[in-house]
Amino acid sequence: MAHLLGADALHLEFPTKVVFDSISLGVNEGDRIGIVGRNGDGKSSLLAMLAGRQEPDSGKVTVRGGVRMGVLDQADTLSDDDTVGHAIVGDTPEYEWAGDPKVRDVLAGLVTDLPWDAPLSSLSGGQRRRVALARLLTGDWDIIALDEPTNHLDVEAIAWLAAHLKQRWSPSSGGLLVVTHDRWFLDEVCTVTWEVHDRVVDPFEGGYAAYILQRVERDRQAASIEARRQNLARKELAWLRRGAPARTSKPRFRIDAANELIADVPEIRDPVSLQSLAVARLGKDVVDLLDAAVSYDGREVLHPIEWRIAPGERTGILGVNGAGKSTLLSLIAGTLEPTAGRVKRGKTVKVAILSQRMDELDQHMNDPVRVVVSGLRTSYTLGAGSKAQDLTPGQLLERLGFASDQLSTPVKDLSGGQERRLQLLLILLDQPNVLILDEPTNDLDTDMLAALEDLLDSWAGTLIVVSHDRYFMERVTDQQYAILDGRLRHLPGGVDEYLRLRRDGVGAPSAAPHRRRSPPSIAGWRRSPPTSPPLTGISRAPTTTTRCCRSCNAAGTH
């Protein structure tokens, strides 16, 4: 297996933190590497060093001669003055890119619903992300590095991207590095997982599921070793106090095979207890949509919907951008009245929405986290029956990843992920019995997503989720619906059934002015004059290039 890129003894530190301490890694032909870890532990910095965009304080990155590397930034780097077509293919003659099967596949998968001559300033964040991806994927690269490629993409686009990358970066065709919190994407695409934590990078074979199993086994080994160490230390202390040799026996511990690690794990939720508690809190009537329809300017966005939402129901809602998901959520929440039919709500229903906005935090931006949560509730009950437990707001904060020293931090100084977690906590402390989550996974790393899922497992109430994170949706909901052509449709086959229907052309956006087209017919597409720089990426010289530490570069030597 040919070696493409190597890192030797990389050290990186910032004024207040050592990020990496002497790490060595390699990328080989055919590697598809997922990079995971907590926010702030250095995933993007690692990617930047490997791509040559950030110099390590010491150590070096060596690239095989002739290797070309393309990079997708997490931030939006497109020019507002450019057009869709020119941003993707630049000044390449039309007969060249139109005849390239790879280019045609990328255009068909990502941008067929975007006007070729539209200025980028007119596009949404998700549309701009697809243009940036198309711009990268139409290039010729030996390695591509993707920093949060699924941000702002819907389930359909994420599925296409996973299939494209698996086909294009096969075991004998270059390397792939991807930083993402999308666990389904990691499991679908990656053959190797790098975990970034505590100044080091630990490699694991396989995608996300394989990585979790190996991490559990590693943690079990570490716990057993630590238990033995503490046991020996206690016995050593007892011997010193008694002044005579102590009788000891060799501690025993055993590491089970991967399947045995999860053999005794109970069901993630106790549906009977949770539903019983939900019925007690809600009654039998929650929200009933009775032939409810919504029209704007005389055009029906949602056709009549008949849906009786049950107590304790956990439902995921799918649909392309513009299909009407937000409209449906507004009907359920009572912030929008139907233009036809009616919506009936139970007398005890209390709806809360975790939206993409942070309205709950606006009035608390200068307050410390401790002050924000202390005035709401002294305790919060999770679970039902014998598994019920009362937690203080501080304990809830701890479960959501807040350290004790962060409780004095003003809200305005929190990271995006911390704000998101605090927003959820404030909503839960208000004790709703119907919870609507609108893209709740934004800004959360994989560990915090697992913590959020664990918290929701013990939440007794009705849950409605809209998310492009397929793993999260399938994890926390028990059934899925889709809005297709303005109608609500149950999906017995889940997300896979939704993707099949979309491949068959079902469910174009009800509010979008441009429908998704079949793979592009090139005739008639026109490009604007060039206004943007060449495609993001770095092209390697024919000879092997070595990047050393900053002091070496400054001196012009190695």
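Predicted model: local features only at pLDDT ≥ 70, side-chain atom pairs only at ≥ 80, totals over all residues.
The chain contains 18 helices and 22 strands. It has 558 residues, of which 49% count as buried. Among the contacts with a separation of 6 or more, 72% are between residues 24 or more positions apart.

Five aromatic pairs were found in a search of the whole structure. One of them is formed by Phe204 and Tyr211, whose ring centres are 5.2 Å apart; the planes of these rings stand at 70°, so the pair is edge-to-face. Phe204 and Tyr211 are both buried. Another pair consists of Tyr208 and Tyr471, with ring centres 5.6 Å apart and planes at 80°, so this pair is also edge-to-face. Tyr208 and Tyr471 connect distant parts of the chain, 263 residues apart. Tyr208 belongs to helix α8 (residues 208-242), whereas Tyr471 belongs to helix α16 (residues 470-476).

The two tyrosines of this second pair were also assigned by accessibility. Tyr208 has a relative accessibility of 7% and therefore counts as buried. Tyr471, with a relative accessible area of 28%, is partly exposed, because the buried class requires a value under 20% and the exposed class one over 50%. Together, Phe204, Tyr208, Tyr211 and Tyr471 make up one aromatic cluster.

An aromatic ring also faces a charged residue. Arg421 is placed over the face of Phe402, at 5.3 Å from the ring centre.

Technical notes: Residues numbered from 1 in each chain as written. Heavy atoms only, no water. Helix = DSSP H or I, 4+ residues; strand = E, 2+ residues; numbered from the N terminus. Buried < 20%, exposed > 50% of the residue type's maximum accessible area, 1.4 Å probe, protein only. Contact = heavy atoms within 4.5 Å. Phe/Tyr/Trp six-rings, centres within 6.5 Å; stacked < 30°, edge-to-face > 60°. Lys NZ or Arg CZ within 6 Å of the ring centre and 35° of its normal.
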